[in-house]
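Here are some notes on the model you asked about. They start with the contact between the chains and then turn to the core.

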Amino acid sequence: VKNSLRLLRAERDWTQADLATHLGVSRQTVNAVETEKYEPSLSLAFKIAKLFGKSIEEIFEADAIENEKTA
Amino acid sequence: MKTRTASAPKRKSLTRGIVITAMWIVTYFAARFVLDKGFPAPQGVKIATALLPILPTALFLWAVVSAIRGLDELHRKVHLEAVVIAFPLSILMLVTLGFLQLAVELPAENFSFRHVWAFMPAIYFGCLVFTWRRYQ
C-alpha cells in the first residue's frame, strides 16, 4: 500500500519522532509505514487520517496490481 | 513540541527487568549450590529450595508480558514473528539432541537436550534481529 505520509509530515515540518508522538507509536513504526515496509492497522490508519484531517483513501493508496484486481 | 516519546516507562521497565534477572540469577545459583553440595536437610526443604527460582521466573514472565503490552503494533508484530520462528527452531534443536542421545551419550552436565532452555533466549533474540531487518 502506497502512502503520502512522508509528504504530509514534511508539510508540517515534523520529524518522524514528532509524528510518532502524535500517533502514540514508535519512530521505527512511522519509518516503516513511510517506507512502505509495514502496513498500519486500521485503527492506526484512522488515527493518521484524523491527525492530518483527511480520509484514509487520500493518504493510503492500494498498489497498481491491487487496483487492477479490484477493477 | 515534544520530539521524543517518554523514556521514563522504558527506564522503569528496564530497571524492573534488571532487578528480576538479578533475583533469578541469585536464587538459581543459590539453589544449585545448596542442592549440589547435598547438605543434609528434610525432603520438604530440598523441594522448597529447588522451587526457589520459580518465583523470579514467574515475575520475569509477568515483566515480559507487561513489556509486550506496552509496545506499539509494529513492535508486537516483530516480536510475534520472532516467536513464530524461534519456537520451531527450539523444538528442532530439542528433537535433534534427543535423537542424538539415542545414538551417543551426550554429557548431561555440558551439552544435552536438558540445556536447550539456555539456548532459547539466544535463538529468540537472533530471530528478533532477523525479523527487525524486514521492517528497517
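1. This is a predicted model. The contact takes 16 residues from chain A and 14 residues from chain B.

2. The size of an interface is often given as the accessible area lost when the parts come together. Between chain B and chain A, the buried area is about 1200 Å². Carbon and sulfur atoms give 57% of that area.

3. How many salt bridges are there between chain B and chain A? The count is zero. Polar contact is found, however: six residue pairs between chain B and chain A, both residues of each pair being at pLDDT 80 or more.

4. On the side of chain B that touches chain A, α4 and α5 of chain B each supply at least two residues. The most comes from α4(B), which gives four residues. By type, the residues on this side of chain B are six charged, four polar and four nonpolar.

5. Next, the core. The largest nonpolar core has 33 residues, and A:I48 and A:F52 touch the most other members. Both chains take part: α1 (5–11), α2 (16–23), α3 (27–34), α4 (42–52) and α5 (56–59) of chain A each supply at least two residues of this core, as do α4 (73–103) and α5 (116–134) of chain B. In soluble globular proteins, nonpolar side chains tend to be buried together.

6. Which residues does A:F52 touch, leaving aside those up to four places away in sequence? They are A:L5, A:L8, A:R9, A:R12, A:W14, A:L19 and A:I59. Look for A:F52 in the structure and trace these contacts.

Terms used:
Residues are numbered from 1 along each chain as its sequence is written. Chains are lettered from A and ligands numbered from 1 in the order in which they are written. This is a predicted model: local features need pLDDT of at least 70, side-chain atom pairs count only at pLDDT 80 or more; totals for chains, interfaces and linings use all residues. Side-chain values use heavy atoms; hydrogens and water are left out. A nonpolar core is a set of buried Ala, Val, Leu, Ile, Met, Phe, Trp, Tyr and Cys residues joined through side-chain atoms within 4.5 Å. Buried means under 20% relative accessible area, exposed over 50%, partly exposed in between (1.4 Å probe, protein chains only). Contact means heavy atoms within 4.5 Å. Buried area is the accessible area (1.4 Å probe) that two parts lose on being put together, summed over both. A salt bridge is a side-chain nitrogen of Lys or Arg within 4 Å of a carboxyl oxygen of Asp or Glu. A polar contact is a pair of N or O atoms within 3.5 Å; within protein, one must be able to donate a hydrogen and the other to accept it, and residues adjacent in sequence count only if both atoms are side-chain atoms. Ala, Val, Leu, Ile, Met, Phe, Trp, Tyr, Cys and Pro count as nonpolar, Asp, Glu, Lys and Arg as charged, and the others, Gly among them, as polar.
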